Amino acid sequence: MTKPDTLLDYGRRIARVVDHIAAHPDEPLELERLAAVACFSPYHFHRIYRAMTGETVADTLRRLRLHRAAGDLVRGGDGVAQVARRAGYGSVEAFTRAFGQVYGLSPGAYRRQGRLVPPPDQPPDEERNMHDVTIRDLPPLRVAAMAHQGPYIDIGTTFERLYAWAAGRGLVGPDTRSFALYYDDPESVPADRLRSEAALLVDGPIPEDGPVRALDIPGGRHAILIHKGPYAELERPYRWLYRDWLPASGHTPADRPCVEEYLNDCRKLPPEAWLTEIRLPLA
């Protein structure tokens, strides 16, 4: 598929999801179902959707429900409490705050206008920094992994535990490499439910031991982007990769999560010198 064809195809897939949400605004947003509608891997669907639409799936649902609520306020006779419940809010206060943030008016003031008025335009995202991306065939790896649940920025604590485990068994050496696998989109999934894995390529066999397990990272073709700077800024290159590079690349992501390799020692260097290799698996 050519690059222009890929961009059009991605747009059509995401449009199908928006149509699906609009047709089922009162149904739960199930990742697997929405990813199937778009024919994208669940590992990458949320990031692609957010990159191409500028909002999360939950944002789209909230916006469509509030749009319906605006129509209910102007055309319907239901009270604000009933409109709030239909829009998915548990209280009039929460609905009033959400409605005001989008439309700039309280529900009562909007109703008194007597006509539908679209919400004000939102400022565009101006983050358009370019990055170098290379396509490489990578070998498979077997690593020692420890699961981490919670904010991605806190995975360092899990790495410390994993390093201590490996060092205590004589598995850390000059060829030890650090990886992380990230299974969720941090802007679409609540922070306490984010799933990831800290992983080490160690010297020697990997014993199954408590929270540590052997994990196979598949090889194959990957899009590679190297980020230089603090780990807290990694979301920026991810956003560019999914929003700008991938839809125009002629490639489709594989049904596997992204992997990061940390190319230098963050304990010995300042944050502005940290190097992270982002690996996006390709179909």
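Which residues does the UniProt annotation "domain: HTH araC/xylS-type" cover? According to that record, an unreviewed entry, the answer is residues 15–113. Keep in mind that this is a predicted model. In it, the span of residues 15–113 is 75% helix and 0% strand, and its end C-alpha atoms lie 32 Å apart.

Next, a helix pair. Helix α4, residues 57–75, and helix α6, residues 92–103, have axes that come within 11 Å and cross at roughly 100 degrees. Angles of 65 to 115 degrees count as roughly perpendicular, so α4 is roughly perpendicular to α6. On the α4 side the contact is made by Leu-66, His-67, Ala-69, Ala-70 and Leu-73; on the α6 side, by Phe-95, Ala-98, Phe-99, Val-102 and Tyr-103. Sorted by class, that is nine nonpolar residues, one polar and no charged ones.

Now the cores. The largest nonpolar core holds 48 residues, and Val-17, Phe-45, Trp-165, Tyr-242 and Leu-280 have the most contacts inside it. A second, separate core has 13 residues, among them Ala-69, Leu-73, Ala-87 and Ala-98.

Back to Tyr-242. Beyond its neighbours within four places in sequence, Tyr-242 is in contact with His-44, Arg-47, Ile-48, Ala-51, Pro-247, Cys-258 and Leu-280.

Last, helix α9, residues 235–245. This helix is mostly covered, with eight of its eleven residues buried. Those are Glu-235, Pro-237, Tyr-238, Trp-240, Leu-241, Tyr-242, Arg-243 and Trp-245. What covers them includes helix α3 (42–53) and the strands β1 (133–138), β3 (177–182), β6 (220–228), β7 (258–262) and β8 (275–281).

Conventions:
Residues are numbered from 1 along each chain as its sequence is written. This is a predicted model: local features need pLDDT of at least 70, side-chain atom pairs count only at pLDDT 80 or more; totals for chains, interfaces and linings use all residues. Side-chain values use heavy atoms; hydrogens and water are left out. Axes are lines fitted to C-alpha atoms, for helices over the stretch in contact, and angles run from 0 to 180 degrees between N-to-C directions. Helices (H or I, at least four residues) and strands (E, at least two) are DSSP runs, numbered from the N terminus. Angles under 35 degrees count as roughly parallel, over 145 as roughly antiparallel, 65 to 115 as roughly perpendicular and the rest as oblique. Contact means heavy atoms within 4.5 Å. Ala, Val, Leu, Ile, Met, Phe, Trp, Tyr, Cys and Pro count as nonpolar, Asp, Glu, Lys and Arg as charged, and the others, Gly among them, as polar. UniProt positions are given in the numbering used here, feature names are shortened, and annotations may be inferred rather than shown by experiment. A nonpolar core is a set of buried Ala, Val, Leu, Ile, Met, Phe, Trp, Tyr and Cys residues joined through side-chain atoms within 4.5 Å. Buried means under 20% relative accessible area, exposed over 50%, partly exposed in between (1.4 Å probe, protein chains only).
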